[in-house]
Amino acid sequence: MTQNYQHVLAMVFAIKEINENPGLLPNLTLGFRIYDSYLNARWTYHATLQLLSPWNRLVPNYKCNIKDNLFAVIEGLVSATSYLIPSVLAIYKIPQFSCGCAPLMTEITQVLSLYQMVPNEALQFRGVLKLLLHFNWKWVGFFGGVGLNLEWFTQKMFPEFSKNGICFDFIETIFYEGMASQFKEFEKWAEEIHAKLMNSKANVVILYGDAQSMVIFRYLLHMPIFKHMLESPKGEVWVLTAQMEIKSRPTHNHWDVQFFHGALSLAVHSNKIQGFQEFLQRRNPSENNADGFIKDFWALAFGCLLPNSFLRHSQQFKYTGNCTGEEKLENLILPYLEMTMTGYSYSIYNAVYVVAHALHAKYLSLHKRAMVEGKRKALQNLQPWQLHHLLKWVSFNNSAGDKISFDENGELVAEFDIINCVTFPNQSVFRSKVGQVDPQAPLDQGVSMNKDAIVWPRWFNQVQPRSLCSDNCQPGFSKERLEGQPFCCYDCIPCPEGKISDKNDMADCVTCPDEQYPNTYHNSCIPKMVSFLSYGEPLGIGLTISALSFSLITVLILGLFTKHHDTPIVKANNRNLTYTLLISLLLCFLCALLFIGQPEMVTCLLRQTAFGIIFSMAVSSVLAKTITVVMAFLATKPGSSMRKWVGKSLAHSIVLSCTLIQAGICVAWLVVSPPFPGVDMQSVVEEIILECNDGSATMFYFVLGYMGFLAIASLTVAFPARKLPDSFNEAKFITFSMLVFCSVWLCFVPTYWSTKGKYMVAVEIFSILASSAGLLGCIFVPKCYVITLKPELNNKEQLIRRKH
């Protein structure tokens, strides 16, 4: 793969810079060896043993040249072979730098002295998770390469993705290269993958693997069954992990890369290294004879042959002729060789500098008075394991200005670049940096993205793709999980009454604060209006006018009766009781005004108690008048013993005793659980009701019950006496008044409970006014009629005239 040649050149360039820098390892020269693993375990072991042997001789542990010392090993990029190196170098404790697929650090790898120049897999997947959350992609597919910690992913990272609301439509293993010979099985696997991709609602697919995995996956997409997907209205956004670069073997140049147009890839963070591009452009097979890779690279990149090229004998390699040596690297289309340093090349470049800075620190630590030659010999005698305590504390800024240092686990502290891959018909791939992600930052932070610079797959018409199993539930709705489906698949149901959802995809609707209520669409809370029966609103004005009008009528009647104080109709049936009843009714009408206006402590204490005592006085006065009428008729019978009971003292005793009993009940109420100003936020959804809390509902109904008892007693006594032979039967009018009174208060109880807020108060005021007006009208209107319009009937003879 011609792209990998840049990794070789990055190492050469770093060592060239160090050897030319007089401030770093002065008078010392760093050397290097580079071996190809050939993606083969046997050759990987062989190359590792060669590193421990003299030049051109495979004799491990034999040192014949003191100048040829091994201080560190930089491993390859392919996990299938690079993981074999530590098992050989473990006993030597030689510092090893992993620049490829970085496994999770374990106690074993720490003992094996491994330093990771790229973030480990956990951080890499955390970066992918942040990317998915940033774009709100919750329904994704996953392909993973064989042998790349897939079991660890399903055990450790899968729950992390699920915890953050991301579900996997499918999780598949990339067909490994060893099975390619079993073509029928490969075809079967390809058909299954094709069906998964076409039937999936996921528009985002994660590719996790190494360079070999990408080769196999590209071969899969090259098969005829996938060709129609380039014209299909359904496409995918491929999210590639850091090691899944879009690479090709020389024989795969005809494989279409259009599938990966618009893909997003995590890449090891890199920066522009001054002079590297010029260094690449100067490479030429005629001028760099010491470069053992350049001939094969040149042949692969330009499709031509050079003398002594390894590819001359390859049956698969197709060439057009001999190379001239005048070809220009900058004319190569991507991705044959990028002219800017890629993430992995950047990691190799930094790894070389880490070793150089550790050696330089050791160089400076030698005795200051020692001669330069002595320092050189001391470094030549330095053992590799002696560098570890220096490597752990290495910290410097490289030539691009990036800080290079390791954490306590020997892992490089670094971010990921987000790369957008743009493909062209000539099979070239342009990699554009569109953002960065810091995997160590909190999940809701650490992502910087230039969305306007992203080129999306053509299927999405340059609109950010959506990848959801179910559409987002809009505010006002909540999610209801579909039975048998992952939690990302759900229905949206409206919020019930009294609850809202103000964000997308809320699992449950929430209740508004007490001082707020849901709006019509159940997507926000509205402040409640403060409500009470005030003097300024129409209902309050109407009730106030009614109460004052009845009070004025009562005052006029009282004045009329006072003016005709000595007339028979006023004197009849105890005029003191008449005045007491009128004054009581006047106070009842005025008592209604206590229920209007904002509740205060004083008005709350007086409302029900004053109403109860005054009404009890009025009803007891009616009861006393009823008993007086009945007693008067009974006393007229010859020999009746009732004569001694007829008089003012009986009436006064009835009124006083009945009123005192109600007063006692009210006092007990005030002592035990008095009314107080309260706030009702529940009865009416849209209102905060300022009310007088009764304190004890039992005492309130006890007061009402006592008044009802007095009214029923009056009705019971007056009803049989309504037919007494009297031309002006007082008992008949009292009966009518008690019927009105009882009817009003019997209707009051269910009406009172069926209304809420200020209308509940209005019902009580209406009941007070209606019952009081009933007493006033039934008992006093006939008398007023006689006094004002029929004065001739206002005499003793007419009042005692009996009916035949």
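## H388 and its surroundings

The side chains of H388 and Y115 make a polar contact at 2.8 Å. This comes from a predicted model. H388 lies in helix α14, residues 388-391. Its relative accessibility is 12%, so H388 counts as buried, the cut-off being under 20%.

Which residues does H388 touch, leaving aside those up to four places away in sequence? They are K93, I94, P95, S113 and Y115.

## Aromatic pairs

A search of the whole structure finds 35 aromatic pairs. One of them joins Y115 and F406. The ring centres are 5.4 Å apart and the planes of Y115 and F406 stand at 55 degrees, so this pair is tilted. The pair links distant parts of the chain, 291 residues apart. Y115 sits in strand β3 (residues 114-116), and F406 in the loop between β10 (403-405) and β11 (416-423). Y115 is buried, with a relative accessible area of 4%. F406 counts as buried too, at 10% relative accessibility.

W137 and W456 form an edge-to-face pair. Their centres are 5.9 Å apart, with 80 degrees between the planes. This pair also links distant parts of the chain, 319 residues apart. W137 is in the loop between α6 (121-134) and β4 (139-145). W456 is in the loop between β13 (447-449) and β14 (477-481). W137 counts as buried at 0% relative accessibility, and W456 is buried with a relative accessible area of 5%.

## A ring cluster and a charge over a ring

Ring pairs also build a cluster. Its members are F611, F615, W669, F700, Y701, F741, W745, F748, Y752 and W753. Elsewhere, K479 lies over the face of Y490, 4.8 Å from the ring centre.

## Strand β7 and its partners

Strand β7 spans residues 237-240. It runs parallel to β6 (residues 204-208), joined by four bridges. Here L207 stands opposite L240. Strand β7 also runs parallel to β8 (residues 263-268), joined by two bridges. There V239 stands opposite L264.

In a regular strand, side chains alternate between the two faces of the sheet. Are the residues on the two faces of β7 buried or exposed? V237 and V239 on one side are buried, and so are W238 and L240 on the other. Both faces are covered.

## Helix α17

Helix α17 covers residues 575-591, 17 residues in all. From first C-alpha to last, α17 reaches 24 Å, close to the 24 Å expected at 1.5 Å a residue. Buried residues in α17 include L577, Y579, L581, L582, L585, L586 and F589. T578, S584, C588 and C591 are buried as well.

Methods
Residues numbered from 1 in each chain as written. Predicted model: local features only at pLDDT ≥ 70, side-chain atom pairs only at ≥ 80, totals over all residues. Heavy atoms only, no water. Buried < 20%, exposed > 50% of the residue type's maximum accessible area, 1.4 Å probe, protein only. Polar contact = N/O pair within 3.5 Å; in protein donor to acceptor, adjacent residues only side chain to side chain. Contact = heavy atoms within 4.5 Å. Pairing = 2+ DSSP bridges. Expected span 1.5 Å × (residues − 1). Phe/Tyr/Trp six-rings, centres within 6.5 Å; stacked < 30°, edge-to-face > 60°. Lys NZ or Arg CZ within 6 Å of the ring centre and 35° of its normal.
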